[in-house]
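Dear colleague,

Please find below the structure that I am handing over to you, with its sequence. My notes on what was found in it follow directly after.

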Amino acid sequence: KLRRVPMYTDFSVISEMSTSVAIIIAAEYDRAHRLIGTNAPTIDIDQWHDGVFQRLFELGFFEIVGLTENVAELYRDENQIRTMRIITGSNAQDIKHASESLIELSSFIDADGPMSDDLVVALNSALGEAMANVSRHAYQGDIPLEFRSVDAWWITATADRRNRKLTIVFYDQGATIPVTLPRKPLMRTLVDMLRRPLSSQPEFEFQDDAIYIEGAMARGETQTGEPGRGEGLPQMMELVDICGSGSLTIYSRGGMARYRCGQDIEIRSFPHSVGGTLIEWEMEFPGGGGNG
């Protein structure tokens, strides 16, 4: 019998796709493959817009759906922009591999040499802590998830040599910050320090989610209260300030919090969930000898 597609999304009508959207789509296809043991169908690839096709190709999307050899001839390289294939993992060894790959990618920004040791150490520390927090907290067995998970995270990045910009996107489908943060023992102190009070009668289920994300960015506390932990997000913000330009945007469940260099944190909540936690970290590195 011919395979029947019960639901179809036409990718050919999409004219532009950000790295953040692409990694969520790739994660969903990857999760489906792991859970059902077969690849979800992709249709009319030759009709997709070039930008959408290239974005997904660079991320390794077609490897996930088992079509790399069939579509490789359609790909055109961009010599000023390099994108890292998605790395997925769940343990310390995977975190190490992801950090090393990101450091290697970041060196592409400077044609005349790698970035400074201080920036490498700061970048590696912030990434390692952020990914470790996901491994510790996102997939706790006592927190029910809306959909069956594969207990993994996905990460990719794009290095733009012309603009000296590094964009890192990190995604997990776990319990989310608004769910795990209120379980921490110092939550009362955390809420007291926030500028915005929690809603007594929220208009929709996720209305206060952005406030919890803002709290996670402002404090270095953890679920266990261990010193030196829970610093991943604050470290990311600090590195944005060190670079002098960039931003850190976090979507978790229905909340969004965005920090731009030297500005206050902007927050917003939505009635729909992003399906986990999505972090987009953008930095523009100063100086250097890259070719413009």
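A search of the whole structure, which is a predicted model, finds two cavities of 30 Å³ or more. The second largest cavity has a volume of about 30 Å³. Its lining is made up of L127, A130, M131, I155, I168, F170 and M236. Two or more of these lining residues come from each of α6 and β4, and α6 is the largest contributor, with three residues. By class, the lining of this cavity comprises seven nonpolar residues, with no polar and no charged ones.

The nonpolar core

The largest nonpolar core has 75 residues, and the members that touch the most others are F62, I155, L166, I168, M217, W281 and M283. Helix α6, which spans residues 117-137, gives the most to this core, namely eight residues. As background, nonpolar side chains in soluble globular proteins tend to be buried together. I155 and I168, listed among those core members, also belong to the lining of the second largest cavity.

Setting aside neighbours within four places in sequence, W281 is in contact with L123, A126, L127, L166, T167, I168, M236, L239, V240, S247 and L248. Among these contacts, L127, I168 and M236 are also lining residues of the second largest cavity.

The second largest pocket

The lining of the second largest pocket divides into 10 nonpolar, seven polar and five charged residues.

Where does T176 lie? T176 is in the loop between β4 (165-172) and α7 (177-180). Is T176 buried or exposed? T176 counts as buried because its relative accessible area is 9%, and the cut-off for a buried residue is under 20%. Not counting residues up to four places away in sequence, T176 touches S252, R253, G276 and T277.

With kind regards

Key:
Residues numbered from 1 in each chain as written. Predicted model: local features only at pLDDT ≥ 70, side-chain atom pairs only at ≥ 80, totals over all residues. Heavy atoms only, no water. Helix = DSSP H or I, 4+ residues; strand = E, 2+ residues; numbered from the N terminus. Buried < 20%, exposed > 50% of the residue type's maximum accessible area, 1.4 Å probe, protein only. Contact = heavy atoms within 4.5 Å. Core = buried A, V, L, I, M, F, W, Y, C linked by side-chain atoms within 4.5 Å. Nonpolar A, V, L, I, M, F, W, Y, C, P; charged D, E, K, R; others polar. 1 Å grid on protein atoms, 1.4 Å probe; cavity = no way out; pocket = protein on both sides within 12 Å on 5 of 7 lines; lining within 4 Å. Points joined across faces, edges and corners; volume = space filled by probe spheres on them.
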